[in-house]
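Good morning, and thank you for joining this meeting. I would ask you to look first at the model on the screen, and then we shall go through its chain contacts together.

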Amino acid sequence: MIKNFLSEYKYELLMVLPAVLIIFIFKLIPVIVSFSMSLTKWRIIDTPEFIGFDNFVQLFQDPNFWNAVWNTLFYGILIIPSVLIGSLAVALILNSLKKGASFYKAAYYLPMTLPLSIAAVIWRGGFFGTFGFVNNTLTKLGLNSIQFFSVNLAKPSISLVYLWWTLGFCSLIYLAGLRGIPKTRLEAAEIDGANTFQKIIYIIWPSLKPITLFVALYITQTTFRIFSAVFAMTGGGPSRSSEPLLYYTYNWGWQNFRMGYSAAASVVLFLMVISVYLFQSYILKED
Amino acid sequence: MIKKQKLFILISMMAMVLLLTLPGMAAYEPTQEYEGTTISYYSFPHGPDYNSNLEDVLAKFNELTGIEVEVTMLSWGEGNRSILSAIAAGDAPDVMYTTPSRALPIITFGNDVIEPLDDYIDEELREEVIFNEALENYKFGGTTYALGHYGDPHQFAANLDVLRDSGVEESYIEKMLDPEKEWTWDDWMYMMEKATKDTNDDGKIDQWGLAYPGGVNNASPFLHFYWNTGGKVIDTEGNIGLGGEETMLVMELFEEMMDKGLLVDGVANMTSSESDNSVFESKVAFNYTFPPEVYIARDEAGEELPEVVPVYPPVSPTGERGSFFAWNGVMMSARSENKGAAWELIKYLTVSDEYKEMIAKATGKLTPVTSESDIENLIKEEYRGLLNIGLEASSRGWYLRHEPAHPASGRIVRGYNSAVQNVLSGNMTAEEATNWLKEEAETARDEVE
Amino acid sequence: MKKEGLLHVIAILVLVFIMIPVLWTFRLSLSQTYSANVPLIPSEISFDNYTTLFNGTSFLTWLKNTVIFATVVTFLNVLFAPSAGYVLAREKLPGSKFILLGIVSAWVIPWLTVLIPLYIAMSRLGLVNTFQGLILPLAVSPMAIFLARQYISNIPIELEESAIVDGASKLEVFFKIILPMSKPALMIVALMSFIQAWGNFILPLILITKTSMKTLTVGIPELQQQGITNWGIISASSIFGILPVIIIFIALNKYFMEGLAMRTGMK
């Protein structure tokens, strides 16, 4: 039985196995270990003690947990649509340009080459800070300065940084996707008299669905995993108003010395992202 | 016969003279006992100068003892994770650089991971040490787990140019700079009010009394004020000191400063870097701390700096005149296979002349054996201010023990920083913040249990 | 014509938004400063930060390590991701949907969550402070596989079917039809793997302790003092992160994009 399976699928297995093995050994197994720690009380440097679902019970009763969940969703609502739409728009524009596209392409992914933690501090100090560029300009014009990291503005400010960081890169991915659309179909549609809008809806969008799913998942999991910029800019404050779930997880693990509890929170985070992924792949089902 | 006797007496007298002068000569006495051993040392950086100088100091150590030290430079943000992961995997290094808030949880939660040092410390070492805080700060539950080796005395910083230009009388400045004199929080309020003004007549205030980093999560800012009152945070048994009279006084101070507009704009969200730089840029009269590294760096870069100096602590309304003296320390892994060699390194980093000189020149800070004459010999006059104040305050017992005493202390930091932030943003009154903080601290303590 | 002009205007606005922080980082690297808050035009420009990096620190070693690390990771990803993506796109193996879910799950979970089990495992395997230890976990990124899969699923299956009718073997279909048509995706995979390996912070953090083995992302914090940050130096080192990626981009662009137009008749 197994021999038959191996010989029938030998090429497929060969093509898939290296990837699957690496991911399994170096990511999935540690993940399984880590998730199983959610059933223990573990102080990192001592031996884990089995406590069943106590961590989860405590987790769901903690108002700070729900605050972190809400913040994460809020970031998602701000970032995901704006990046999806924004990067698609930019990609469409670049695709339509007759010349000069390469120049923009070369520049648009640059934010991603900067480590986010460093870029975040530059955003904070250089632009959003009390004596930063924006407030200096406002003060010179005689206006009041904006407190970018106040309770109400902290999340939008951080979202802006993530938007900046990912927009260019996502546009490039969409652009690659647009390049993959057979020109012949577009030309046929033009002959049939379709205008730009109709072309977008009936030909471009359906062909882009798989790529859209990729970008959607990419930006979703980037958003749900927001950490570095928060760490560098606000530390989750003020009063936890900008604290996302991964940050909450990290603190419970490394600051409160409760690794099991932290793992429980990670399990919840994981389930959240996977649910969104399944939802997105349902909506963007391939024809 | 007589000649021999005379010779004998002469030699004995010379020997006695030699014996009497010996203890004053070498602070660290090398031994060849561990020659050929290699030990690992996890350190934290203090700038590129420190890192390369440390290499030289350790090379000298190797010359003296034959012990080879493999240094790993961790980063301040993430280094603690590396140490914890290493301990969890059984890979802990022989010697580790630490701070009290990082050491205590490791000691409390780990199963005998850090080697107690009481049996290693002898009378000679105790006598060498000038700053007793270095030994006391790492005593948890009566056992010493680390030796303080890098001393960081904190004091408030005052921009004297700003104060004088604002019309503050010279007597006030004298009070701040003379340990025999006293200045109070009322004096402080007076000076800050004078300094808060519109300096260029454009109708907007552009100079304030105090800069304070309300937007950070590190331990110091609130504690500088809190310890001035003599307040305690949490003790070994988990009894919370926060939330009482001292907390109320500090919160009321912030509330008053805020109501009178004495705090620099945006203080509720400032970073410590913004705060430090604002006092050197004459935007404020006072900063919550005097940062010698920023001062030295800017001075060496050739900048024209205003007269910014550290000042002696004010006398708080409780009558206490407390201050904050941080000692970073070195500790040893209990699983080390080279404990003898590790102890030699710990001693070297604590009492040796080489390390003492290196720290003074590279960072302007102290080791436990830095004396007044050392400060004069090793450090440029312009940079001595903080250390001199440190020595003076220490000798007068103004420094309180650097807490934490409880593993929850790291977690409580967020609590008091949030409380102050709430007062600074007008979200809570002083009383509300005090009560809230008490609850937060109790929750934090319970969470870590 | 007007339309083209308008598009350019928008593209430039986006460019400005994207480039300002990058340019600001460059501007910071030209001064000696401990604050990220500096006037727009520097009073004097100095390249001292760059010379300090080269002379006073192990920067060049870290640079070399990072180049090796990123290049090998990129190479391995381009080698292994497309084939896996192809198999999963056409669901040639039973259980492909299940494998895909596993890969997406692996992608979605941050390394931060698995620090300790990963470190303990690597320590037992003797992979701490080695190049292999750094490279293996990233050798095939789930993101790359997923991207390849999505892109390939867009390629009309009729092309494959007609090739098989013409007598092509499974492997020939992959190498002669799918791969050439996936060049844009391959380029993204290569670019992405390089950028992510170059800027990867968490893996070197837990796996490397020796200064001589560090990469740029974990070497630079070594230069930081307690409490204060030398923004001049940190920015200078970040700019170094950008230059190689630009070079790689230009090289990849030539290699992948140019051949495309001629072969398939697509723009």
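Between them, chain A and chain C bury about 8100 Å², of which 79% lies on carbon and sulfur atoms; buried area here is the accessible area, taken with a 1.4 Å probe, that two parts lose on being put together, summed over both. Please keep in mind that this is a predicted model, in which local features need pLDDT of at least 70 and side-chain atom pairs count only at pLDDT 80 or more, while totals for chains, interfaces and linings use all residues. Residues are numbered from 1 along each chain as its sequence is written, chains are lettered from A and ligands numbered from 1 in the order in which they are written, and side-chain values use heavy atoms, with hydrogens and water left out.

To return to chains A and C, 87 residues of chain A and 85 residues of chain C take part in the contact, contact meaning heavy atoms within 4.5 Å. On the chain A side, A:Met15, A:Phe26 and A:Phe214 supply 9% of the area buried against chain C, more than any other three residues.

Let us turn to chains B and A. Their contact takes 34 residues from chain B and 33 residues from chain A. The two chains bury about 2800 Å² between them, 50% of it on carbon and sulfur atoms. In chain B, the residues that lose the most area to chain A are B:Phe109, B:Asn269 and B:Arg414, together 22% of what that side buries.

How many salt bridges are there over all chains? The structure holds 22, a salt bridge being a side-chain nitrogen of Lys or Arg within 4 Å of a carboxyl oxygen of Asp or Glu. Between chain A and chain C the count is zero, and between chain B and chain A the count is zero. One salt bridge joins the side chains of B:Glu115 and B:Lys339, at 3.1 Å from N to O. This pair links distant parts of the chain, 224 residues apart.

Finally, consider chains B and C. The contact is made by residues including B:Arg81 and B:Ser85 from helix 3 of chain B, and C:Leu115 and C:Tyr119 from helix 5 of chain C.

Thank you for your attention.

Technical notes: Helices (H or I, at least four residues) and strands (E, at least two) are DSSP runs, numbered from the N terminus.
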